[in-house]
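Welcome! Have a look at the model below, and then we will walk through a few of its features together.

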Amino acid sequence: NMFLVITETSALTPSMILYLMNEYHMDIITGSNIINTWSAVSNITLVVVAFIADSFVGRFQTIGLGSVVTLVGMFLFWLTTLIPQARPPPCVISDNICRSAGMFQLFYLCFALAIVAIGAGVIKSLSLAFGSDQLKREVRQENVRALERFFSWYYALYALSIVVALTCLVYIQVNMGWALGFGAPVLLVLFATLLIYLGTPFYVKLKPKSSLITGLFQVIAASYRNRCLRLSSQSADILYHQKKGSTIVLPSEKLRFLNKACIVRDPQLDLNPDGEATDPWRLCTVDQVEELKALLKVVPIWLTGVVVAINISQPSFPVLQANTMDRHIGSSFEVPAASFGIFGFISTVLWIVLYDCLILPVASKLTGKPVHFSPKERMGFGLFLSLLSVLAVAVVEGVRRNIAIKEGHSDDPNGVIPMSAVWLLPQNCLLGFAEAMNAIGQNEFYISEFPRSMSSIASTLLALGMGLGSLLASFIMSTIDNLTKRGGAESWVSSNVNKGHYDYYYLVLAGFNLVNMLCYIVCSKAYGPCKGEEEEIVEEK
């Protein structure tokens, strides 16, 4: 049911740049900034949603509410295709008159997209954590592969839902009009929302607990207020405040300055008769300290995943690039330009199936023991493939641009050149493989490294990185546009893709990816072994 909602919200993205440029008369920079901001709002919403769901409402109730909000936003956006006053009038080509959107029209468009973004953010933020809640605790503890398999197939279904959006729904939008193309998702979101509530009796619904995020801030405040305390090298000399029923007795030695937050100086003054802290902003539990440490430790590795998000957050140019190439299959059928992203998601699903059903079983049989690639190894390989994908874009675009100029299409950005769009497959497939390796690795890494109480935060870190990546992608594009069009020169990211230099633009992104990959290697070594890897090292010794 949740994947149905994701499918329909994903149906807005592929053709959005064409809709904004053709119906709202925007240039590529403005349209791309709106799309990236919309994506960022959807992803950054996740942090707030995770806090509300874990602390007050509960995950299932929040998902249900998010489905309703998404439905409302999709309906409001659909109205822009039905009401002529909601968008500027068509351009009069003969008189060269093309009015831009008015203030109210832009406000209504952004308001509708914001509602969709918030609703979609709610669903994306909790669907993974809610799905992992359905796994029995015994399964999680006794079979690590069960958790890895859940993440893999979750992401495979997520990619498959986007494949449906990029094929069926984009085909309707291109060939049957915007009204029907954006109306179909509204009906499907309605159907998905009903299914979510009809399945209520069958779900495992965990009750919300006290605010985890508040606890993290309490650790920061307590460690600062107790900064003058001295830490002894002998843990037995120090009394630490423990949570009732917790198995964690002593704080870890990493980030030791945070341990001051859980030191009991005077039990009579610091603790109530029931054992709770008299002032939780001065004294925290060992569990709280370890939760904050777990979050801080992964931040450097998490930041390296943001660069992959920047590569993914380039929704506009690939569509305009494909629009200028020969997309025919046979003599009659033409693949919509906005559908070429499907090959990236097909690659994602294909890699997940091959990895889970072929690569690991064959490798295990050849070695005579279970083979498992750690999340950090998969994340690193994903970064390498992401670098190759942007290099492929730069090379193909350089060739495409030269052909367009030779064919006399310098002033015609919509002219189709004699170059097959099959040349776009390598860059899409590489990015799909990169996303499969890095994204699944990130999800498994966070949830396996964090305490179970932090599962919602763990599942939102990837989406939060996508949101930050969208904002940075918008910033990079705007910065390069301002720098390269100085002195009256044509911008590298011009709306006329034949006059611009998107090959140079992607070479800049390749430079970022190379530096990022080197940073990841350093951060990964500094992090040390993961929880499962520590046990394997002990067993080998």
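Helix α11 passes helix α15 in a left-handed crossing, meaning that the near helix is turned anticlockwise from the far one by less than a right angle. This is a predicted model, where local features need pLDDT of at least 70, side-chain atom pairs count only at pLDDT 80 or more, and totals for chains, interfaces and linings use all residues. Residues are numbered from 1 along each chain as its sequence is written, and side-chain values use heavy atoms, leaving out hydrogens and water.

**Helices**
- Helices here are DSSP runs (H or I, at least four residues), numbered from the N terminus.
- The axes of α11 (residues 286-312) and α15 (residues 425-449) come within 11 Å and cross at roughly 165°.
- The two helices, α11 and α15, are therefore roughly antiparallel (an angle over 145 degrees).

**Aromatic pairs**
- The whole structure holds 22 aromatic pairs (Phe, Tyr or six-membered Trp rings with centres within 6.5 Å).
- One of them joins F317 and Y502, stacked at 4.2 Å centre to centre with 10° between the planes (stacked means under 30 degrees).
- F317 sits in helix α12 and Y502 in helix α17, so this pair ties together parts 185 residues apart in sequence.
- Both F317 and Y502 are buried (under 20% relative accessible area, with a 1.4 Å probe and protein chains only).

**Charges over rings**
- R227 lies over the face of Y224, 4.1 Å from the ring centre (the cut-offs are CZ of Arg or NZ of Lys within 6 Å of the centre and within 35 degrees of the ring normal).
- K297 lies over the face of Y527, at 4.6 Å from the ring centre.

Terms used. Rings of Phe, Tyr and Trp (its six-membered ring) pair if their centres lie within 6.5 Å; planes under 30 degrees apart count as stacked, over 60 as edge-to-face and the rest as tilted. Buried means under 20% relative accessible area, exposed over 50%, partly exposed in between (1.4 Å probe, protein chains only). Axes are lines fitted to C-alpha atoms, for helices over the stretch in contact, and angles run from 0 to 180 degrees between N-to-C directions. Angles under 35 degrees count as roughly parallel, over 145 as roughly antiparallel, 65 to 115 as roughly perpendicular and the rest as oblique.
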